Amino acid sequence: MALSDDDIAELLVTRTPEAHRLATWLLRDPVAAEDAVQEAALAAWNGRKKLRHADNPGGWFTTIVVNVCRDELRRRARRQTLPEPTESMVDGSPDRLALRDEMARAIARLTADEQLVIGLRFGRDLTVPQIAAHTGLAEGTVKSRLHHSLEYLRSALAAERRVEEPGR
Amino acid sequence: MNDSDLHHGLRDYFESITPADSARATALVDQAIRAKREGSGKSRQWRPFVALAAAAAIVAALVSVPLVFRPAVLPNASSSPSATTSPSLPAASASPSPIGDWKVLAASTGAGASWSPDGKWLAVWDEFVSGATQDLRLLDSAGNPVRSLDGDRLVWLDATEFVLSRGNSSLLGSVDSTGLTPIAVTFPAGALSNNRGAVALTTGQPLDPAKTSFVVWTQASTSRVVIGEPEAWSPDGTRIAVWHSTAPAGPLGVGYHATGWVEVLSWPDLRTLGSLKNDSFVPQPTYFDPSGRYLLATKLGLAGLSILDLVTGRTLGPSGVTGVPAWDRASDLLVAASDGSVTTYPTSGGPSTRQAGVGDSVASSTDGSTIILYFWGDYSQNPRTITLIRNGLPRAISVPGGIESAPIIAPDGSGVVIVCLVHHLLPSEETEALLLVG
């Protein structure tokens with residue numbers, strides 16, 4: 001059944017909280033995520049002829065959010081800028097805060113596309129096939145990016161620990 | 001850290017940044033869609049601070065306009081810009097017809113390449129195959145396969161020898177032999193080779209610039225530990241630029257800008273040859289010119305570019321100029337601006353020259369003999385055209401998609417690899433192609 005303009009407007013608005021969480025996980029900045037979701041909603045609205053007959057309108061919107069965030073991550077990589085810390089990050093024990101701090105630094109050093117895949121996997125908790133579906137990447141490519149991202153994160157975090165631990 | 005700890009740490013991190021409230025995002029989307037439906041022409045509902053930021057950007061643009069259209073010159077240069085075209089850039093009227101002169105080396109995402117110092121060999125890596133290591137291929141300069149290699153990364157030591165990283169082990173190899181010899185040193189990601197047998201290996205905390213250090217490794221010895229982050233070797237491999245962080249990390253390690261100062265050390269004695277003491281420099285881009293006399297370093301934001309003259313010890317301009325920098329073969333500085341113009345600033349002191357409409361990005365080979373001009377990203381045109389200038393001769397080459405990575409140019413300029421990306425905002429397939437440009 002084709003969706004009307006009212007249906008599409010309602011779908012976009014009701015899906016916004018989920019899209020905002022997703023964009024925050026990908027951009028690691030809730031304010032930038034608001035802009036991304038707004039841009040994605042407008043892109044979806046402008047392309048609603050396709051959305052009208054989409055098998056999975058919600059998934060279609062999610063994919064647009066992912067693409068907008070991917071563009072922003074790439075722009076950010078080019079500008080060599082990092083996101084501002086979010087307020088919720090200050091909650092937790094000193095050890096957890098320290099690990100989150102190291103994690104934030106390490107993720108920021110991944111490539112834009114690796115950051116995207118890591119956010120979808122560990123923020124949104126998507127499976128490899130789901131990530132492939134939302135990014136348009138081959139499953140092998142998703143695995144490759146996850147593999148290299150985790151390898152880098154592991155070695156970077158281990159290096160931090162080696163230096164911090166006395167006597168080593 | 002084992003896999004379980006890493007996965008748990010990642011999930012905890014993402015949980016910690018999950019927004020508790022999306023009411024403002026919902027209101028923004030609701031207002032934006034309403035505005036669209038009502039045809040008010042207000043496609044986006046800007047927040048007050050966004051409007052302020054936009055106003056600030058306009059002011060910044062107005063301030064920067066004179067810099068773009070009235071290029072600064074180096075301190076000992078004439079103050080009047082010349083209308084003549086730089087000898088290293090093509091005249092606007094002489095643009096040749098685009099030619100699709102390229103060969104596809106890889107057509108998947110996650111691919112990369114590295115030239116041997118003499119441009120005769122090319123290592124290409126593709127998406128990993130077995131889940132353990134990447135698919136690394138050794139090609140000749142024409143893109144013909146020579147050999148497959150089982151490893152993650154490859155660092156060239158010189159024109160024929162390389163070190164292959166495979167997991168935590170390192171293997172010494174040569175293009176002349178299929179044998180690989182284990183060596184007792186771990187090559188970190190980003191190992192920086194001088195292409196003459198010496199490689200700077202980061203040894204400190206890679207995530208904390210203030211605690212980063214490195215050693216210089218050769219097959220014969222390993223240097224003392226040096227504080228700082230290695231950024232660039234001079235073309236002759238006798239000088240290395242090192243960046244020292246001075247900015248404290250932000251409260252939680254994000255949202256801060258890594259700034260510091262730059263030092264040039266000699267090799268192999270690791271003696272200080274000169275420095276840029278201003279604390280506003282970022283690590284990259286940092287490039288030596290083809291002669292090794294000048295070092296280009298970049299300040300944060302709009303503070304611009306600086307050149308250290310290692311003969312006189314002086315710091316040259318061009319003050320306040322920002323953009324994408326590269327060196328040409330005459331050791332003149334090229335700066336591509338966001339308006340699509342490229343300005344040449346002679347280090348010899350001559351007038352600067354500006355060429356409009358050639359690209360908002362520029363890259364050059366280590367010896368400056370090959371220059372690539374292109375427009376970054378921008379998927380509006382497909383296919384796109386880049387300008388390849390080899391020994392002063394321009395050639396326009398049509399490529400099948402947008403470019404979001406700097407071209408990979410052989411140090412001697414003999415070979416060029418372009419990474420193209422065909423990408424659409426709406427759901428669709430994405431393709432990344434590694435092209436060997438003729």
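How many bridges join E14(B) to strand E15 (residues 239–245) of chain B? Four bridges join these two strands, which run antiparallel, and two strands count as paired if DSSP finds at least two bridges between them. Strands (E, at least two residues) and helices (H or I, at least four) are DSSP runs, numbered from the N terminus.

This is a predicted model, in which local features need pLDDT of at least 70 and side-chain atom pairs count only at pLDDT 80 or more, while totals for chains, interfaces and linings use all residues. Residues are numbered from 1 along each chain as its sequence is written, and chains are lettered from A and ligands numbered from 1 in the order in which they are written.

In chain B, an open sheet of seven strands has the order E14-E15-E16-E17-E18-E19-E20, with antiparallel pairing. Strand E14 (229–233) and strand E20 (315–316) of chain B stand at its edges with a single partner strand each, so one side of each is left without a neighbour in the sheet.

Elsewhere in chain B, strand E25 (residues 361–364) and strand E26 (residues 370–374) run antiparallel and are joined by four bridges. Their hairpin has five residues between the strands, and there B:Gly368 takes a positive phi near 75 degrees.

| Residue | Opposite residue |
|---|---|
| B:Trp233 | B:Ile240 in E15(B) |
| B:Ser361 | B:Tyr374 in E26(B) |

From E25(B), B:Ser361 and B:Ala363 point one way and B:Val362 and B:Ser364 the other way, and all are buried (20 or more other C-beta atoms lie within 10 Å of the residue's own, with C-beta atoms placed from the backbone).

Technical notes. Buried ≥ 20, exposed ≤ 12 C-beta atoms within 10 Å, placed from the backbone.
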